[in-house]
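Biologist: Hi, could you walk me through this one? I'd like to start with the strands and then look at the pocket.

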Amino acid sequence: QYEKLEGPLGDVFIDAIRLRWSDQFSENTSIEEIANRFQEYTPDQIEGAINTIKGKMFEIMVTEQENLDGGQWYAAMHTDETFPGSDIVFSNAETGEQLEVSLKAASAGNPRIIEEALSRYPDTPIMTTDEVASLYENDPRVFGSGFRNMDLENITEEKYRELIEEIEPI
């Protein structure tokens, strides 16, 4: 039942898993193997996995959005998941200028993640989900991405559910 995860969002979902857990899931790891692994998770682990996948999906979607807009800027995610302060580098193809940015897919009800990032890395701008960015409209270090947290969360939860409940092992 691969069709359950087909399409651009399904591809981004699976890419997010493979990138975030690259030590467990390679490019060649089957969907069934990934599903089997996540079916072993406890409810708390599932919640953490969904948040982690949502964050990585956000990084992928921001990168793809920037690279497909036809502008002079392009984006590249850091390959090191533990890179301090930022998640993505925007580069200007004409001038060579580079800008490191932290990406935070957060909900308006919990902007704590933004406060912590601003406190820890005050010189690193933050691109976040639009509903959170509106809370910081007077802070030029925080700006919106064009994505809403609720949409990212719904997509991630739906794809996760499809992965562990509807994809049957061969």
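Biologist: In what sense do β3 and strand β4 pair, parallel or antiparallel?

Modeller: Parallel, over three bridges, with β4 covering residues 126-128. One thing to keep in mind is that this is a predicted model.

Biologist: Which residue in β4 is the bridge partner of K104?

Modeller: That is T128. To get from β3 to β4, the chain passes through helix α4, residues 112-120, and this β-α-β crossover is right-handed.

Biologist: Thanks! And how do β2 and β3 pair?

Modeller: Strand β2 (residues 88-92) and strand β3 (residues 98-104) are antiparallel, with four bridges between them. Within that pairing, I88 stands opposite V101, and F90 has L99 as its bridge partner.

Biologist: What about the hairpin there, how many residues lie between the strands?

Modeller: Five, and G96 in that hairpin takes a positive phi near 80 degrees.

Biologist: Which sense does the pairing of strand β1 and β2 have?

Modeller: Antiparallel, over five bridges, and β1 spans residues 73-77. Here A76 stands opposite V89 of β2.

Biologist: Is β2 mostly covered or mostly open, and how many of its residues are buried?

Modeller: Mostly covered, since five of its five residues count as buried, where buried means under 20% relative accessible area.

Biologist: Which residues of β2 sit on which side?

Modeller: I88, F90 and N92 are on one side, V89 and S91 are on the other, and both faces are covered.

Biologist: Okay, new topic. How much space is in the largest pocket?

Modeller: About 860 Å³. Its lining is made up of 32 residues, and those nearest the centre are G55, L103, K104, A105 and I113.

Biologist: Which elements give two or more residues to that lining?

Modeller: They are α3 (43-67), β3, α4 and α6 (149-166). The biggest share comes from α3, which gives seven residues.

Biologist: How do the lining residues divide into nonpolar, polar and charged?

Modeller: There are nine nonpolar, eleven polar and twelve charged residues in the lining of the largest pocket.

Biologist: What does I50 touch, leaving out residues up to four places away in sequence?

Modeller: I50 touches T156, E157 and Y160. For one of these, Y160, the separation is 110 residues in sequence, yet the C-alpha to C-alpha distance from I50 is 7.3 Å.

Biologist: And K56, where is that, and is it buried or exposed?

Modeller: K56 is also placed in helix α3. It counts as buried because its relative accessible area is 4%.

Biologist: Which residues does K56 touch, leaving out those up to four places away in sequence?

Modeller: Its contacts are with A16, L19, R20 and E81.

Conventions:
Residues are numbered from 1 along each chain as its sequence is written. This is a predicted model: local features need pLDDT of at least 70, side-chain atom pairs count only at pLDDT 80 or more; totals for chains, interfaces and linings use all residues. Side-chain values use heavy atoms; hydrogens and water are left out. Two strands pair if DSSP finds at least two bridges between them. A crossover is right-handed if, with the strands pointing away from the viewer, the path from the first strand over the helix to the second runs clockwise. On a 1 Å grid over the protein atoms alone, a cavity is a set of points where a 1.4 Å probe fits but cannot get out, and a pocket is an open set with protein on both sides within 12 Å along at least five of seven lines; lining residues have an atom within 4 Å of a point. Grid points are joined across faces, edges and corners, and a volume is the space filled by probe spheres set on the points. Ala, Val, Leu, Ile, Met, Phe, Trp, Tyr, Cys and Pro count as nonpolar, Asp, Glu, Lys and Arg as charged, and the others, Gly among them, as polar. Contact means heavy atoms within 4.5 Å. Buried means under 20% relative accessible area, exposed over 50%, partly exposed in between (1.4 Å probe, protein chains only).
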